[in-house]
Amino acid sequence: MIVGAAIIVNGRVLGCARSDPPEVAGMWEFPGGKVEPGESDIEALVRECEEELGILVAVGERVGQDVLLAHGRAVLRVYAARLLGDAQPQALEHAELRWLGPDELDSVAWLPADAPIVKALHPMLLDLSRSA
C-alpha cells in the first residue's frame, strides 16, 4: 500500500515535483510513501510528511478511489490532510513544492497515478475556495 497526502491550506493543495528517479523527475505528485509493516495508513502518512516535508499533519477523509500501481502490484490511497503547528513544508526530498488552487491543478505534469486523485480533488478545492 502506498499512501499520499493532499495537504490543503486556504483552498490550495500542495504539489511536489519529483527529483528522482530520472524517468519521473520533474513530474508532480502528492507527498507520501509506503505503509511499513505494522503501520496504519494514517501513521504512514504522518511519518512520510515529517520525513519528506518537515511538517506535522492531521489526516482527514479519503480523496478519490484506490489507484492501482505497478501493474496491480501496489495500490495508491490518498487522504486529505491539514498542517499542524507553524512549520511550513520544505522540499527535503522533492525538486520543488507548489501550492495549487483549483484553477492551477492542470498547470503541472502530474504522475499518471495521481491524475485521478487530482480530478477528484478539483470539486473539493472549488467548494473550499467558494466558502473562503
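Biologist: In which strand is Glu-29 found?
Modeller: This is a predicted model, and its local features are read with that in mind. Residues 28–29 form a strand that includes Glu-29, and that strand is β3.

Biologist: Does Glu-29 count as buried or exposed?
Modeller: A residue counts as buried when its relative accessible area is under 20%. Glu-29 has a relative accessibility of 12%, and therefore it counts as buried.

Biologist: With the side chain of which residue does the side chain of Glu-29 make a polar contact?
Modeller: Leaving aside neighbours within four places in sequence, Glu-29 is in contact with a set of residues including Gly-15, Cys-16, His-94, Trp-110, Leu-111 and Asp-114. Arg-18 is also in contact with Glu-29. The polar contact between side chains, at 3.3 Å, is the one that Glu-29 makes with Arg-18.

Biologist: Where does Ala-113 lie, and does Ala-113 count as buried or exposed?
Modeller: Ala-113 lies in the loop between β7, which spans 94–100, and α2, which spans 115–131. Because its relative accessibility is 18%, and the cut-off for burial is under 20%, Ala-113 counts as buried.

Biologist: What separation do the C-alpha atoms of Ala-113 and Leu-69 have?
Modeller: Once neighbours within four places in sequence are left aside, Ala-113 is in contact with Val-67, Leu-69 and Leu-76. Ala-113 and Leu-69 are 44 residues apart along the chain, and their C-alpha atoms are separated by 6.9 Å.

Biologist: In what order do the elements of the protein run from the N terminus on?
Modeller: The protein has two helices and seven strands. Read from the N terminus on, these elements run β-β-β-β-α-β-β-β-α.

Biologist: What is the radius of gyration of the protein, and how does it stand against the globule rule?
Modeller: For 132 residues the globule rule gives 14 Å, and the protein comes close to that value, so it is as compact as a globular protein of that length. Its C-alpha atoms fill a box of roughly 40 × 30 × 25 Å along the principal axes. The radius of gyration itself is 14 Å.

Biologist: Among contacts between residues at least 6 apart in sequence, what percentage join residues at least 24 apart?
Modeller: Of the 132 residues of the protein, 43% count as buried. Among the contacts you ask about, the share that joins residues at least 24 apart is 67%.

Note on methods. Residues numbered from 1 in each chain as written. Predicted model: local features only at pLDDT ≥ 70, side-chain atom pairs only at ≥ 80, totals over all residues. Heavy atoms only, no water. Helix = DSSP H or I, 4+ residues; strand = E, 2+ residues; numbered from the N terminus. Buried < 20%, exposed > 50% of the residue type's maximum accessible area, 1.4 Å probe, protein only. Polar contact = N/O pair within 3.5 Å; in protein donor to acceptor, adjacent residues only side chain to side chain. Contact = heavy atoms within 4.5 Å. Rg over C-alpha atoms; globule rule 2.2 N^0.38 Å.
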